[in-house]
Amino acid sequence: MNTKNQFSRRSFIGTAVAAGATLAAGGSSTVAAEHPRSQSTGGPGSFPKDFWWGSATAAYQVEGAAAEDGRGPSIWDTFSHTPGKTDGGDTGDVACDQYHRYAEDAKLMADLGVKHYRFSISWSRILPEGRGTVNEKGVDYYRRLVDALRQHGITPHATLFHWDLPQALQDRYAGWQSREVAGDFGDYAAAVAKRLGDRIKHWMTINETSSFAIGGYGVGKAGNKAPGIAVATEKARWQIVHNALLAHGAACQAIRAASPGRCSVATAEDYSSFVPLTETPENIAAARRAFVRDNRNGAILMPILTGQYDAGWLEDHRASAPDIADGDLKLIHQPLDGLGFNCYTGAYVRAADNPKGYETLPMFDGYPKGNMPWLNILPEAIYWGIRLVGEAANRKNLPIFISENGCADGALPSADELVRDTDRIMYYRAYLRQVQRAAAEGYPVIGYFSWSLLDNFEWACGYSKRFGLVRVNFKTQKRTPKLSYHWYQEVIRQNRVV
Ligand code: NOJ
């Protein structure tokens with residue numbers, strides 16, 4: 001299929017390509033580009049002035065109201081309603097009911113002191129069929145949400161896709177398995193930016209490509225995330241990833257073309273981070289080598305930021321690399337105003353006398369964890385992730401914000417529902433010190449969104465894992481700030497780790 005033809009039939013593209021060309025040539029009409037270069041101004045230990053203190057959630061995890069006001073089903077509705085797919089058969093039907101309780105949640109944010117809220121927009125609320133007629137009632141919900149935020153001086157940051165693909169597109173052409181999804185995602189992005197661009201200036205296209213594009217599809221077995229499909233080969237999975245990259249590119253163009261005013265376009269990736277076992281020049285060089293060759297970096301982040309799959313990654317994946325059509329890399333490689341880094345964990349690396357020049361150290365069951373099997377606690381990963389990405393992509397001034405960071409807690413509530421989550425405080429404190437280190441050394445880190453504001457629907461784990469600063473009693477919907485909420489409040493107030 002000819003990609004150029006596929007995308008040029010869409011009305012937004014002509015304008016968008018022109019806009020992209022201006023930006024690539026050095027012009028910028030963006031919000032983030034105006035942000036002052038990151039620097040520590042408040043003395044030792046403090047964060048930069050105007051640092052974005054925020055918190056994050058995602059539509060399917062918090063909104064509920066699954067069948068209200070014309071929302072169409074998403075693949076997560078189908079998956080969570082399939083017996084055996086989620087812990088306890090939990091679904092997002094009600095979740096935190098943020099659809100009705102957004103005003104209360106905005107107030108919780110205001111009391112916390114966050115000035116930025118990252119949330120996602122449900123594609124099937126806006127386009128119940130995934131394409132075609134816009135459901136204006138769905139748009140109105142996000143107007144209400146954003147207006148409530150703005151009443152408290154909280155800046156909205158919207159992600160267009162946080163895993164909840166409209167089921168109609170899954171049924172129509174197998175969703176992310178088809179290149180067609182990129183055009184539909186672009187049209188959806190244009191519809192949203194046109195209608196909400198007066199209120200929302202900060203956009204992220206896609207959240208964690210690998211999580212849904214690899215996690216949703218197993219090779220020879222069902223994936224453990226929606227749509228939970230089995231594919232025959234690794235190559236088929238990388239083709240799905242490639243389709244998601246095309247969708248990212250189409251959405252960047254669409255947002256810029258459709259937004260009524262200046263805006264900032266970013267993406268949010270859980271790219272891999274590598275921590276030199278000791279900070280020697282040899283091990284730091286090893287971390288650089290490991291960084292670009294890694295799956296999530298070499299085949300997702302690098303194409304987005306540089307327009308090329310990493311050569312080492314391609315060498316490692318001769319048989320399984322995706323087919324790349326003419327024009328694909330150009331579409332994928334759109335100018336970005338910022339990069340969201342979802343950071344939870346990482347890997348230790350050191351120099352090694354082997355053809356790659358590095359080895360990663362194994363993680364193991366007994367390694368300290370954030371109450372999730374995959375969440376190895378490695379605070380330095382956030383520093384190295386910020387530092388290495390600019391070097392790897394040769395974009396040393398690219399503004400980076402932590403679009404997610406957090407852990408599940410193991411603490412139980414007492415009778416008054418207060419959760420004494422000292423484990424989360426330990427986790428946040430350690431990671432934030434590393435973010436501060438990066439800022440103090442001059443790396444362009446401009447913000448931090450804790451994951452999550454609220455306990456919420458943790459995908460296949462249902463409600464059994466709690467990532468919130470605020471406890472949600474899912475029987476009563478009562479919100480109770482945890483100890484970590486009060487700790488984070490003080491961090492924000494003092495603009496330093498306390
Ligand atoms: C990353 C995902 O973006 C988010 O949806 C999820 O809840 C957290 N990781 C924790 O697993």
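His-116 lies in strand E2 (residues 116-120); helices (H or I, at least four residues) and strands (E, at least two) are DSSP runs, numbered from the N terminus. With a relative accessibility of 10%, His-116 counts as buried, a label for values under 20%, while exposed means over 50% and partly exposed lies in between (1.4 Å probe, protein chains only). The His-116 side chain makes a polar contact with the side chain of His-157, at 2.8 Å. A polar contact here is a pair of N or O atoms within 3.5 Å; within protein, one must be able to donate a hydrogen and the other to accept it, and residues adjacent in sequence count only if both atoms are side-chain atoms.

A word on the model before going on. It is predicted, so local features need pLDDT of at least 70 and side-chain atom pairs count only at pLDDT 80 or more, whereas totals for chains, interfaces and linings use all residues. Residues are numbered from 1 along each chain as its sequence is written, and side-chain values use heavy atoms, with hydrogens and water left out.

Now to the ligand. There are 13 residues around it, and Gln-61, His-162, Asn-207, Glu-404 and Glu-458 come nearest; a residue is near if one of its heavy atoms lies within 4 Å of the molecule. This shell divides into six nonpolar, four polar and three charged residues. In that scheme Ala, Val, Leu, Ile, Met, Phe, Trp, Tyr, Cys and Pro are nonpolar, Asp, Glu, Lys and Arg are charged, and the others, Gly among them, are polar.

| Residue | Ligand atom | Distance |
|---|---|---|
| Glu-458 | oxygen | 2.5 Å |
| Trp-459 | oxygen | 2.8 Å |
| Tyr-344 | nitrogen | 3.4 Å |

Taken alone, the ligand exposes 300 Å², and the protein buries 96% of that; these areas come from the Shrake-Rupley method with a 1.4 Å probe.

Tyr-344 is buried because its relative accessibility is 9%. Pro-379 is 35 residues from Tyr-344 along the chain, with 8.3 Å between their C-alpha atoms.

Finally, consider Glu-282, which is found in helix H12 (residues 281-293). Is Glu-282 buried or partly exposed? At 48% relative accessibility, Glu-282 counts as partly exposed. Glu-282 and Gly-357 are 75 residues apart in sequence, and their C-alpha atoms are 9.5 Å apart in space.
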